[in-house]
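Hello,

Here is the structure I promised to pass on to you. Have a look at it first, and then read on for what turned up in it.

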Amino acid sequence: MLEISGLSAAYGQLTAIRDISLTVESGGILAVIGANGAGKSTLLKTIAGQLKATTGSIRFDGADVTALSTHERARRGIVLVPEGRRLFGSLTVHENLQIALSAKRSGVWSLESVYELFPLVAERRRRRAGDLSGGEQQATAIARALIANPAVLLLDEVSLGLAPAIVGQLYDRLPLILEQGTAILLVEQDVAQARRVSDEVHCLLQGRTSLAGKDLDLADISRAYFGAE
Ligand code: ATP
């Protein structure tokens, strides 16, 4: 459904990802792992259209979307939850979710159903988003993205700054999202969580694919992640 082929992207002279190819099926979940600076966020930004691809293509639902704007990609169902969550801190949780209604595509996700998925977000609906804990903010950011009814959800480092138990609770909700037919492409430094929740793992090292596949061996992942021989 999402088919990336030979994708590269750069910041000026610095090529941050090189020749990346991967496929995410409808209802499937793929995790991209790699150390700091490996190019994980760059890959998601390029798929979402925030950064222009220098080579390669992004196909989505059979159409080439490589040259489309971020807005047009979102309209087709490619939705990014950026690193750092980017909520409106002075607005309430409910107001943050309401804003997302303007980008709503048809589907099962609504204010009611995302509150059901994340009961803690529902409890906090009248609170200012900026006053929530990191885990609550991350749940709110995912809920906000879901309201658009994405076909593919791009999740940038859900675990960032959160205690492992909280990360585990957030990742435990992902199967319920996949059940609705939404695909997930997530990037993660937490290898254990990434392996636990995903069908397939794709490891980046200095912008290139160093390993990719299903049921990968931990020793192989470790070599691909750190680049050690
Ligand atoms: P992290 O886990 O730290 O977010 P990452 O794997 O997501 O790492 P990227 O953020 O994609 O890595 O960065 C890949 C490379 O691109 C790094 O060398 C980084 O310094 C560089 N880079 C990232 N963002 C920019 C930018 N806005 N301008 C210039 N260089 C950038």
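Predicted model: local features only at pLDDT ≥ 70, side-chain atom pairs only at ≥ 80, totals over all residues.

Leucine 2 has phenylalanine 60, in β4, as its bridge partner.

Now for the protein as a whole. Its secondary structure comes to 10 helices and 10 strands. The radius of gyration is 17 Å, close to the 17 Å that the globule rule gives for 229 residues, so the protein is as compact as a globular protein of that length. Along the principal axes, the C-alpha trace spans about 50 × 35 × 35 Å.

How much of the protein counts as buried? The share is 52% of the 229 residues. As for contacts between residues at least 6 apart in sequence, 68% of them join residues at least 24 apart.

Finally, the surface and the charges. The accessible surface comes to about 10,500 Å², and carbon and sulfur atoms account for 49% of it. There are 24 positive and 25 negative side chains, and the centres of these two sets lie 6 Å apart.

Enjoy exploring it, and write back whenever you like.

Best wishes

Conventions:
Residues numbered from 1 in each chain as written. Heavy atoms only, no water. Helix = DSSP H or I, 4+ residues; strand = E, 2+ residues; numbered from the N terminus. Rg over C-alpha atoms; globule rule 2.2 N^0.38 Å. Buried < 20%, exposed > 50% of the residue type's maximum accessible area, 1.4 Å probe, protein only. Contact = heavy atoms within 4.5 Å. Areas by Shrake-Rupley, 256 points an atom, 1.4 Å probe, with all protein chains shown as cover. Lys, Arg positive; Asp, Glu negative; His and termini not counted. Charge placed at Lys NZ, Arg CZ, Asp CG, Glu CD. Pairing = 2+ DSSP bridges.
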